[in-house]
Amino acid sequence: MDSLSQIVLGASVQGAALGKYQGRKAYLYGAILGTLPDLDVLISYPDPISDMTYHRSFSHSLFVLTAVGIIGAWMLSRYHHWRDMPLPYSTRRLALAMTLVLTTHPILDSFTVYGTQLFWPLQDPLQITPISIASVFIIDPLYTLPLLVAVTVGLIKGCKLAVFKARLLINCQRLAVWMLLLSSSYLLLGLGLKYHAQSKAEQTLAAADINTTRIKTMPVLPTILMWRTVAEDNQHRLIELRGSILDSRLPEYRYLTQYDNAQTLRANLPVQSRPYAQRLDWFSGNWTGYRVQILPATSTSGAAEQLVVDDLRMMAGDTAFFSFVLAEKANQHAQWQAITPIDASVIKVDNEPTPSRFELIRQGFKRVFDESIVDGDSGWILAE
């Protein structure tokens, strides 16, 4: 999830647990503690696939973070005792608060599509795919807003707040609890809408007489209104579907023809490239697509073709957000030569400008409210 959401989540959890005792400091401490797991981005790895797949690993482990919370609380309690400044609450309460702040960070991350290794170090040796519930986008203002309200009020008011005469809400601590319940309800709503969207996608596939072996649905905008589904048929062809919750018809679909030779390319990978491919396949739950990318004639790289692997879970149009070059060759008759993976460049077609992410989001929101927008030139088909 985005950094702001993690900051206000950590601050709200600490405010709910210790706001009565710590006042404004609870929100500050929670904000700092809530961002701690993401400090693993400061670790540099030798290639972008490792950068991607080792993020959200040990620093997002429920085992590691629970230990950090308990040990950290014990150390703080001992420090205050040594300074003869006893805490106004028990060490157990502090440990619970710190553990909740730390562990809610990866739990929230697991609701996105990226993949979070909640059970590190067991996941890699046991080949357990990172948790990817994929029911909320990596940025969702409607999830963040209630927590932002709780944190803002807590920082301004401390712990004193009187809103309703009926004493239903009498302090910032209780406000934080209510806002946490509201944001958590939004996550549950996202889960329900995800399975509704996947059910509609399955109806489209059935109407088109496409037999699939696996399917995955995920949100594609900073909202839970627009959903994208990727499926694989029994001939290993990849199908993409998209639809809005507001649609009165079934989602449209298209074949991702750029991956039609993915199985052959995967089998012909150089030996040195296979560990990288296996790592990415494991991380994505095998939702990867292999394709050949032909470089422009003006390229000075010395290679005419690149063997590219895309993470199919995170795409805008035909462009994957995570796309890596595993091998190169000088011409179509040469053998693939393994390279240390690099980020794949986006090759422009007919010198057409690549749409910015802002433009893609704008187009996506337009599609949410207008089901008539179906671009046949891009291969989209309506199920009859």
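Hi everyone, let's start with a helix pair: α1 and α2 cross in a right-handed way, where right-handed means that the near helix is turned clockwise from the far one by less than a right angle, and left-handed means anticlockwise. Before going on, please keep in mind that this is a predicted model, where local features need pLDDT of at least 70, side-chain atom pairs count only at pLDDT 80 or more, and totals for chains, interfaces and linings use all residues. Residues are numbered from 1 along each chain as its sequence is written, and side-chain values use heavy atoms, with hydrogens and water left out.

Now back to the pair. The axes of α1 and α2 come within 6 Å and cross at roughly 145 degrees. Axes here are lines fitted to C-alpha atoms, for helices over the stretch in contact, and angles run from 0 to 180 degrees between N-to-C directions. The names come from DSSP runs, numbered from the N terminus: helices are H or I with at least four residues, strands are E with at least two. The contact residues divide into eight nonpolar, nine polar and two charged. In this count Ala, Val, Leu, Ile, Met, Phe, Trp, Tyr, Cys and Pro are nonpolar, Asp, Glu, Lys and Arg are charged, and the others, Gly among them, are polar.

Next, a pocket. Which residues lie nearest the centre of the second largest pocket? They are Gln14, Gln22, Tyr29, Leu76 and Tyr89, out of 14 lining residues. The elements giving two or more residues to this lining are α1 (3-22), α2 (24-35), α4 (62-82) and α5 (91-109). By class, the lining has eleven nonpolar, three polar and no charged residues. A pocket, on a 1 Å grid over the protein atoms alone, is an open set of points where a 1.4 Å probe fits, with protein on both sides within 12 Å along at least five of seven lines; lining residues have an atom within 4 Å of a point.

Further along, in the loop between α5 and α6 (141-157), we find Pro121. The peptide bond from Trp120 to Pro121 is cis, with omega near 10 degrees. Gln127 is found in the loop between α5 and α6 too, and Gln127 has a positive phi of about 55 degrees although it is not a glycine.

β3 (238-244) and β4 pair over four bridges, and Arg242 has Glu252 as its bridge partner in β4.

Another open, antiparallel sheet of four strands runs β5-β6-β9-β10. Why is one side of β5 (288-294) and of β10 (337-343) left without a neighbour in the sheet? Because each stands at an edge, with a single partner strand. β6 (305-311) and β9 (323-329) pair over six bridges, and Gln306 stands opposite Glu328 in β9. Helix α9 (274-284) lies across β5, β6, β9 and β10, at about 135 degrees to β5.

Notes. Two strands pair if DSSP finds at least two bridges between them. Contact means heavy atoms within 4.5 Å.
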